[in-house]
Amino acid sequence: MNKIIAIQGAQGSNHHKVAQDFYGENIPLKECMSFDILVDSLLDKTAHIGIMALENTIAGSIIPNYALIDKNNLHIVGEEYLNIHHHLMALKGQQIDDIQEVWSHPMALLQCKEFFKKYPNIRMIEDVDTAEVAKRIAQKQLKGIAAIAPKIAAEIFGLDILADDIQTIKDNATRFVIVQTNELPVDESHNKASIKFQLSHKRGSLAAILNAMSDCKMNLTKIQSLPVIETPWKYSFFVDVTFEDYKDYQKAISLIAIMAENFKVLGVYKNGRPQPNLNPFQEK
């Protein structure tokens, strides 16, 4: 594969892990320190595919990313649910008693706060990205400094893992979506869709949409509302549905397109959620 994949964060991040799961290990990456930069790289064609986190079981929806996908007419072509494992890592030969500071993304620090209560001498310092800190420690040979990052970062940058799975809540999963500027053809494996629409303030308008989905055998897996900035007290609804028969999906969207305003299909793709008989939090 010679297409460039834009990820939020650095090589060794969870976004990088998702990119590898989808496209293999030897992939050309474009590291982006923000989701805005990631989207810009797709629009200016310096990257062809983007990996974006969309929601987390602890933090909830990453609402600005819904708006980025919609505003820039990106197409969702796939998804992955990844359990988030936080590991403490430092230069080879360092022990946890040698660590004076731990640097990481604010969310990672927050999710590992309980672990560091056992080490009151270690200062927690907010930084831009988990894997980027691991890279900096390795490149600059920073002693006394540790990073909280995915295990893949330790492997890439040659760091020792001082403690595994230090996150407070072990069942912490994030949903990532794969986006690009062009739409892909639908095939038989596609059984999930993301759509967006607006509704009038007429009583029962949302209930009517949901009833139409149910009548067409759609399974609603997510609904997220966002305010329409230029129209106070009006909202866009972002909805994910799964289906077994593509004909049922086609019937549903033909009805919704009539009933709703500013209807848009954001993507039709394969459901990436683990099956019920599998452990959704097992590290891949």
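# Questions on a predicted model

Of the 284 residues of the protein chain in this predicted model, 49% count as buried.

Biologist: How many helices and strands does the protein chain have?

Modeller: Both kinds of element occur in the protein chain. The count is eight helices and 15 strands.

Biologist: What is the radius of gyration of the protein chain?

Modeller: The globule rule gives 19 Å for 284 residues. The value for the chain is close to that, so the chain is as compact as a globular protein of that length. Its C-alpha atoms fill a box of roughly 65 × 45 × 40 Å along the principal axes. The radius of gyration is 21 Å.

Biologist: Which residues have the most contacts inside the largest nonpolar core?

Modeller: Methionine 52 is one of them. Methionine 52 touches, among others, His15, Leu38, Leu68 and Phe176.

Biologist: How many residues does the second, separate core have?

Modeller: Phe197, Met213, Tyr249 and Ala252 are among its members. The second core has 18 residues.

Biologist: Is valine 18 buried or exposed?

Modeller: Valine 18 sits in helix 1. Its contacts beyond four places in sequence are Ile51, Glu80, Leu82, Phe176 and Ile178. The relative accessible area of valine 18 is 0%, so this residue is buried.

Biologist: Why does asparagine 14 count as buried?

Modeller: Asparagine 14 is also placed in helix 1. Beyond four places in sequence, asparagine 14 touches Leu82, Ile84, Pro150 and Phe176. The cut-off for buried is under 20% relative accessible area. Asparagine 14 counts as buried because its relative accessibility is 16%.

Biologist: Which residues make the nonpolar surface patch of about 220 Å²?

Modeller: One of them is methionine 33, in the loop between strand 2 (29-32) and helix 2 (35-43). Methionine 33 is partly exposed, at 33% relative accessible area. Patch residues need over 30%. The patch is made by Met33, Ile37 and Val128.

Biologist: What share of contacts between residues at least 6 apart in sequence joins residues at least 24 apart?

Modeller: The share refers to contacts within the protein chain. The value is 72%.

Note on methods
Residues are numbered from 1 along each chain as its sequence is written. This is a predicted model: local features need pLDDT of at least 70, side-chain atom pairs count only at pLDDT 80 or more; totals for chains, interfaces and linings use all residues. Side-chain values use heavy atoms; hydrogens and water are left out. Patches are made of residues with over 30% relative accessible area and no salt bridge: like charges are joined within 9 Å, nonpolar side chains (Val, Leu, Ile, Met, Phe, Trp, Tyr) within 5 Å. Accessible areas come from the Shrake-Rupley method with a 1.4 Å probe; for residues, only the protein chains shown count as cover. A salt bridge is a side-chain nitrogen of Lys or Arg within 4 Å of a carboxyl oxygen of Asp or Glu. Helices (H or I, at least four residues) and strands (E, at least two) are DSSP runs, numbered from the N terminus. Buried means under 20% relative accessible area, exposed over 50%, partly exposed in between (1.4 Å probe, protein chains only). A nonpolar core is a set of buried Ala, Val, Leu, Ile, Met, Phe, Trp, Tyr and Cys residues joined through side-chain atoms within 4.5 Å. Contact means heavy atoms within 4.5 Å. The radius of gyration is taken over C-alpha atoms; the globule rule is 2.2 Å times the number of residues to the power 0.38.
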